[in-house]
Amino acid sequence: MPRNRTVRLAVLGSSVQRAASSGYPSSRSSALKRRVVVGLLVLLSLVLITVSYRSTALDGAQGTAAAILRPFDVAADRVSRPFRDAIGWARGLIDAKAEVKRLRAQNAQLRQQVIQDESAVQENVQLHNELNYHGPPSVASFDRVHAVVLTNPPNAIDQSVTIGAGSADGVAQGSVVLSPTGGLVGKVDRVFAGVAHVTLLTDNQSAVTAIDLTSPTAVGIIQPGGGGSNVLVFDLVSKQKVVNSGDTIISAGSLGKGKLPSMFPRGIPIGTVTSQGSNDINPFKNIQVKPLVDFSSLQSVIVLVPKP
């Protein structure tokens with residue numbers, strides 16, 4: 001028994017070794033075959049590419065292949081189009097938001113520049129009017145103090161403004177205040193070192209002796225129209241005097257000898273007659289005057305200060 005087992009083991013060992021040794025050449029040959037196949041495919045591809053570029057022999061085959069693959073191409077395009085559109089929409093939305101943000105910033109900058117330019121133009125016009133104001137001969141004996149309006153425009157309750165000039169600039173109580181174009185604004189009723197309080201023509205306590213420039217014998221008193229409105233009344237004018245719509249009303253100044261002098265120099269423009277009439281009950285004419293000054297938009301004024 002021991003001898004047979006030894007012989008079997010010897011036979012099996014020799015067969016295993018032979019099988020193992022025989023497997024190595026087969027794997028090498030299969031690898032060589034794959035390389036040969038790859039090389040042939042590459043060579044065939046080069047040949048086909050060369051033929052397709054230099055000859056029309058494959059045009060029919062290419063057309064047939066393109067016709068066969070066309071449905072798949074269309075299907076792939078339809079499937080991928082929503083995704084491409086979604087990506088394009090997202091990119092467009094991001095770009096649009098960035099563009100809107102940039103344009104808003106640019107618009108705000110341009111708006112600020114326009115405001116500054118417009119403010120500079122208005123200030124230039126006001127300064128030009130103030131510097132070129134000469135007024136009637138009666139104001140030649142006054143110095144001119146230019147001042148800005150510090151408070152908000154007047155309202156129905158308060159018909160007054162505060163200006164940025166005071167006693168340190170020569171302004172005194174009773175000083176006459178004009179607009180940059182020369183229209184009568186009012187008078188100073190309270191003065192401090194650096195500011196002054198001005199009562200406007202539209203205040204209920206205001207009254208100015210005035211005349212019609214076209215008809216100087218038509219003398220009356222300019223008073224507010226009431227309710228803080230931008231309308232004045234040329235009151236106490238006799239019915240016998242001629243006053244027409246469109247006539248200019250100016251300050252009368254001091255009238256006659258021996259009378260108290262007026263604080264308002266003669267010839268300062270006040271307004272234009274808009275309507276006039278009379279009735280049997282009232283001994284005076286009913287005359288309404290539109291002031292030359294827009295009291296709701298005062299930004300600067302001229303104060304007449306007596307020369308030393």
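**Strand pairing in a predicted model**

Visitor: Which residue of β5 is the bridge partner of Ser160?
Guide: This is a predicted model, in which local features need pLDDT of at least 70, side-chain atom pairs count only at pLDDT 80 or more, and totals for chains, interfaces and linings use all residues. Residues are numbered from 1 along each chain as its sequence is written, and side-chain values use heavy atoms, without hydrogens and water. Strands are DSSP runs of E with at least two residues, and helices are runs of H or I with at least four, numbered from the N terminus. In β5, Ser160 has as its bridge partner Thr199.

Visitor: How many bridges join β2 to β5?
Guide: Two strands count as paired if DSSP finds at least two bridges between them. β2 and β5 (residues 196-200) run antiparallel, and the number of bridges joining them is four.

Visitor: Which strands stand at the edges of the open sheet?
Guide: The sheet has six strands with antiparallel pairing, in the order β1-β12-β3-β4-β5-β2. Two of them have a single partner strand each, so one side of each is left without a neighbour in the sheet: β1 (142-148) and β2 (160-163).

Visitor: By what angle are neighbouring strands of this sheet turned against each other on average?
Guide: Axes are lines fitted to C-alpha atoms, and angles between N-to-C directions run from 0 to 180 degrees. With direction ignored, the average for neighbouring strands here is 35 degrees.

Visitor: What percentage of the residues of the protein chain count as buried?
Guide: Buried means under 20% relative accessible area, with a 1.4 Å probe and protein chains only. Of 308 residues in the protein chain, the buried share is 25%.

Methods. Buried means under 20% relative accessible area, exposed over 50%, partly exposed in between (1.4 Å probe, protein chains only).
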